[in-house]
Amino acid sequence: MRRRRDVFARMTFVPRPNRDAKTCAWCGTPRAPRRPLYSVTCESDGGRASTLREEFCSWSCAESYYGEGRIGR
C-alpha cells in the first residue's frame, strides 16, 4: 500500500505495517507470512496524527470499511 493525499481535506493517509494483526477487519483475509496487514495513520497539514483502529490488507478494504469519503484518494 502507498500513502494517499486528500488535497481538499489537507490530510495524508499513511499505511503502517502491523505484523501483530491476524486478519483484515473488512474481508477477513488472514495475514500472509510475507505480506503484512496495515493500520492507517491520518496526518493533517497542521501536524496532528491519528491512527485508525483496524488493520486492512488493501486500500479497497479500508475504503469499504470506512466509506470512500473518509479515506483520501
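This is a predicted model: local features need pLDDT of at least 70, side-chain atom pairs count only at pLDDT 80 or more; totals for chains, interfaces and linings use all residues.

Residues are numbered from 1 along each chain as its sequence is written, and side-chain values use heavy atoms, with hydrogens and water left out.

**Whole chain.** Select everything in cartoon view and follow the chain along its sequence, where the pattern reads β-β-β-β-α (helices are DSSP runs of H or I with at least four residues, strands are runs of E with at least two, and both are numbered from the N terminus). The radius of gyration of the chain is 12 Å, close to the 11 Å that the globule rule gives for 73 residues, so the chain is as compact as a globular protein of that length (the radius is taken over C-alpha atoms, and the rule is 2.2 Å times the number of residues to the power 0.38). Along the principal axes, the C-alpha atoms fill a box of roughly 35 × 20 × 20 Å.

**Strand β3.** Next select Thr41, which lies in strand β3, residues 37-44. Is Thr41 buried or exposed? Thr41 is buried, at a relative accessible area of 7% (buried means under 20%, exposed over 50%, and partly exposed in between, with a 1.4 Å probe and protein chains only). Show its neighbours: leaving aside residues up to four places away in sequence, Thr41 touches Thr12, Phe13, Val14, Arg16, Ala49, Ser50 and Thr51 (contact means heavy atoms within 4.5 Å). With Thr51 there is also a polar contact between the two side chains, at 3.4 Å (a pair of N or O atoms within 3.5 Å; within protein, one must be able to donate a hydrogen and the other to accept it, and residues adjacent in sequence count only if both atoms are side-chain atoms).

**Helix α1.** Now select residues 59-66, where Trp59, Cys61, Ala62 and Glu63 are the buried residues of the helix. Their cover includes β1 (4-6), β2 (11-18), β3 and β4 (49-56). After α1 comes Gly67, whose phi is positive, near 95°.

**Loop between β1 and β2.** Finally select Arg10, found in this loop and exposed, with a relative accessible area of 51%. Beyond residues up to four places away in sequence, Arg10 touches Arg5, Glu43, Ser44 and Asp45, and its side chain makes a polar contact with that of Asp45 at 3.2 Å.
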